[in-house]
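Welcome! Open your viewer, get your selection tool ready, and follow along one stop at a time.

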Amino acid sequence: MSLFDWFAARRKDQFVGKVIQETEEGDGLWGKCPECGQVVYRKDLSENANVCSNCGHHNRINSEERINLIADSNSFRPLDKNLSPVDPLGFKDRRAYADRLRESQASTGMKDGVITGLCNVEDIPLAIAVMDFRFMGGSMGSVVGEKITRLVEKATEKQLPLLIVCASGGARMQEGMLSLMQMAKISGALERHREAELLYMPLLTHPTTGGVTASFAMLGDLILAEPKALIGFAGRRVIEQTLREKLPENFQTAEYLLEHGFVDKIVPRTKLKSTLTKLLKLHGFNTKKRQR
Amino acid sequence: MARRYLLEFEKPLVELEKQIDQIRELARDSEVDVSQQLLQLETLAARRREEIFHALTPSQKIQVARHPQRPSTLDFIQMFCDDWIELHGDRNSSDDKALIGGIARIDDTSVLLIGQQKGRDTKENVARNFGMAKPGGYRKALRLMDHADRFKLPIISFIDTPGAYAGLLAEEQGQGEAIAVNLREMFRLRVPVIATVIGEGGSGGALGIGVADKLLMFEHSVYTVASPEACASILWRDAGKAPEAAAALKITGEDLMTLGIVDEVLKEPSGGNNWAPLQAGEVLKESLLRNLKGLGQLSTKQLRDRRYEKFRKMGRFLEPSAFDEELIT
């Protein structure tokens, strides 16, 4: 239920809508940081992993940009890239699910909201999935569930460590209970990966909520998060309604989760690749085969 | 007998019930034989009830599923379990009353039972938190399931919750983490797990005790990815569209059989489980024993592999063949 409340809150507050805004000149070369208002040169920004050099605000990046930040160049090999969503329930609210899908596909060039594949990080093989918030709020339906499950199975089979970059409003309502069941399906695959004593690390990015939080986002051997990312199960507004009291300022941020013991480490994006490399090596994953 | 709580769509029955009551009263005070009339009216009422309940819309089913007199987890346990001993605590400083558990016998089989527990009235519901478990509840359930795993007790889970509790403390204590761990660990269990949606199955809060070898569901129970109210206010931007959302989300046992999620839909007495709880108990007991027997034939490995495969198959998508992919790229 939570994720939907979260969606509702998002619509109202638009607090996830913070993106670099055009300056008045509008030549596309300069932008304004939504957090501190600093005018930044776009090229500098993208070279700094889309992190504001003035205030450290992490601007949203898409799945492709994320992979470029992590994978060695030309090492990423996508898997199941043509797996496509269908409309299993014939779902129609104010608009048909089929239309919403087509629209998201056209604007992102993706079939659905996750990219999966194998890559190298400083020559260390890694199985990687990156959710894309642009595609219907990163919501998880059958395709997202199936692609991640296949990746986890592939990682188990090839004895690879696994990284899932989470960004999601939760289960996708338009596929009904099939979406909810993806939570169980992925968790089952992760159980086998764990049984094989392989390393799984989710990276929680803004926002990670609802059914994704209640499944693979919280199942990491080590759980990493980006600074200030919103991470939670239930929506803030719902909680405020039940409680009728003010919530702490940093409620459901990465820092709050760290404080309460649910995140191992907050990793600034600029240090993401080096941190991942260190962690992989410390767990005995090396350039060739894993040594034990 | 306590007055029955009638739902909106049951109102056509009110007139009939009233007449029946009046005639009964009359018969008590006089010598007139009214048995013939009574029988006629009762037959008519039964037929009307049958008709109404046969054609329930999904949003009407939700009302039946949430009926305050619908048999709850503890009701079913009392109905067909012997030597019930409730067990308490997550061993981490809490005992959630919204998610209960314990050991009992069904006929000759010792089982572990867990389930969400709602209350009958406001006072009880406050104590039970309306059947919305906190992280401690899910951790208690896991602790008990681990216990069952060690002592080879099959696990019977009853699902009846609007959802996992949403609150400051629940977030602080890791509601998401608690449910997530249950999902993963339930795949590891070496004993049979049978889950039954006895009332409403609300999203992740239901799934947190719902990774089972067999998923049963009562005829008028519902299982939802999101409450239709929440879904309507987000997708329709109008909470009043909840009935439309309920229909669109495909939440009934029949729909979920078609989608390959539910294994068996249990028939309810005419008028729903609250009209004849004992009969509902018989139906559930029969199914549980039959399924336990079937699952008891499987080895540990078979059991776990089949549980994995069952969930592995869930989902609908389009996969272009290699030939199609060539055409695309």
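Predicted model: local features only at pLDDT ≥ 70, side-chain atom pairs only at ≥ 80, totals over all residues.

**Stop 1: two domains.** Select residues 8-55 of chain B, which the domain assignment calls domain 1, and colour them apart from 62-312, domain 2. Their C-alpha centres are 35 Å apart.

**Stop 2: where the domains touch.** Now show the side chains at the interface: eight residues of domain 1 of chain B are in contact with seven residues of domain 2 of chain B. Together the two domains bury about 660 Å², with 57% of that on carbon and sulfur atoms. By class, the side has three nonpolar, no polar and five charged residues. Even so, the count of salt bridges between the two domains is zero.

**Stop 3: a cis bond.** Move to chain A and zoom in on A:His206 and A:Pro207, which are joined by a cis peptide bond with omega of about -10 degrees. A:Pro207 is part of strand β9 (residues 200-209) of chain A.

**Stop 4: two positive phi values.** Most residues other than glycine have a negative phi. Select A:Gln252, whose phi is positive, about 60 degrees, in the loop between α8 (236-243) and α9 (254-259) of chain A. Then select B:Lys152, with phi near 55 degrees, in the loop between α6 (135-150) and β4 (155-161) of chain B. Is each one buried or exposed? A:Gln252 is buried, at 3% relative accessible area, whereas B:Lys152 is exposed, at 58%.

Key:
Residues numbered from 1 in each chain as written. Chains lettered and ligands numbered in written order. Heavy atoms only, no water. Domains from an automatic or database assignment. Contact = heavy atoms within 4.5 Å. Buried area = accessible area lost by both parts, 1.4 Å probe. Salt bridge = Lys/Arg side-chain N within 4 Å of Asp/Glu carboxyl O. Nonpolar A, V, L, I, M, F, W, Y, C, P; charged D, E, K, R; others polar. Helix = DSSP H or I, 4+ residues; strand = E, 2+ residues; numbered from the N terminus. Buried < 20%, exposed > 50% of the residue type's maximum accessible area, 1.4 Å probe, protein only.
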